[in-house]
Amino acid sequence: MTSTPSGHAVQQYSGGSGRLRARMGVHAFGTDPRGWFAWLAERVVAQGDVLEVGAGTGKLWAELPHEGARLTLTDFSPAMCEELRKVPGAEVRQCDATELPFGDGTFDVVIANHMLYHLDDPTAALREFARVLRNGGRLVAAVNGRDHMQELRDLGPAIGRPAMLRGLTMNDFTAETGGEIVGGYFAEVRVERYPCNLVIPSPEPVLDYLGSLTEEPLTAEEESAVRELVQAKIDADGHFFVRKHTVLITATH
């Protein structure tokens, strides 16, 4: 088992986007009909020179209006960068979030969407974000709380795999602490919670999600145990409920 946030990220994402896409699938059962990307698009103005760090598959740019913006997308993973090159008009750079290959004051907006908890030193990335932003530029960062998707977390210990969902929060940068940490480097910090939970109608999406997390596949016995636990909740409540705790942090340089 990987012991550091960056080591976990390498294990999960360096080989391609398959795990990430499987993980995103469970969020189709969100209670907010807008979905995360549409909700984010209502709050983020992508104009001028825009940098997304840890951009993953680039899905944000299919949802977020950015006409006239000059996009630069980065990721540490070569496989993810290949995905990002499919985003029309974007410049793509493979790099570490804590050592950005850009000059001071290069960008008007820096976006860090669900990536700061993958870093061993998130404050080093925040310093880099501040460095590459112009005066008056905006930081947009999304992060999870420590109780995010707790009902899924509880399945790990229940089947004897207690560390299975550890990747949801890997360091001290969380929804509970992120605003204060960002405030050490930026002004006008705002923290807004995404108003969404999950209501999952069958065990299969849960099994797919858990399968995307593990270095070793679930055994038949573990799959059966998950199915039984989830189905019991569905039989009682009509669905398997999962609370989400995600916040959007915005700030000014």
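I began with F102 and found it buried, at a relative accessible area of 11%, where buried stands for under 20%, exposed for over 50% and partly exposed for what lies in between, with a 1.4 Å probe and protein chains only. I then turned to F107, which also counts as buried, at 3% relative accessibility.

Before going on I noted what I was reading: this is a predicted model, in which local features need pLDDT of at least 70 and side-chain atom pairs count only at pLDDT 80 or more, while totals for chains, interfaces and linings use all residues. Residues are numbered from 1 along each chain as its sequence is written, and side-chain values use heavy atoms, with hydrogens and water left out.

Next I looked up the aromatic pairs, taking rings of Phe, Tyr and Trp (the six-membered ring of Trp) as paired if their centres lie within 6.5 Å, and calling planes under 30 degrees apart stacked, over 60 edge-to-face and the rest tilted. The count by this rule is four.

I then moved to A130, which I located in helix α6, residues 122-132; helices here are DSSP runs of H or I with at least four residues, strands are runs of E with at least two, and both are numbered from the N terminus. A130 is buried, its relative accessible area being 12%. Leaving aside residues up to four places away in sequence, I found A130 touching Y185, F186 and H253, with contact meaning heavy atoms within 4.5 Å. I also looked up A130 and T252, which are 122 residues apart along the chain and have their C-alpha atoms separated by 9.0 Å.

Last, I recorded the values for the protein as a whole. I listed 11 helices and nine strands, and 51% of the 253 residues count as buried. Of the contacts with a separation of 6 or more, 74% come from residues 24 or more positions apart. The radius of gyration, taken over C-alpha atoms, is 18 Å, which agrees with the value near 18 Å that a compact globule of 253 residues would have, the globule rule being 2.2 Å times the number of residues to the power 0.38. Along the principal axes, the C-alpha atoms fill a box of roughly 55 × 35 × 30 Å.
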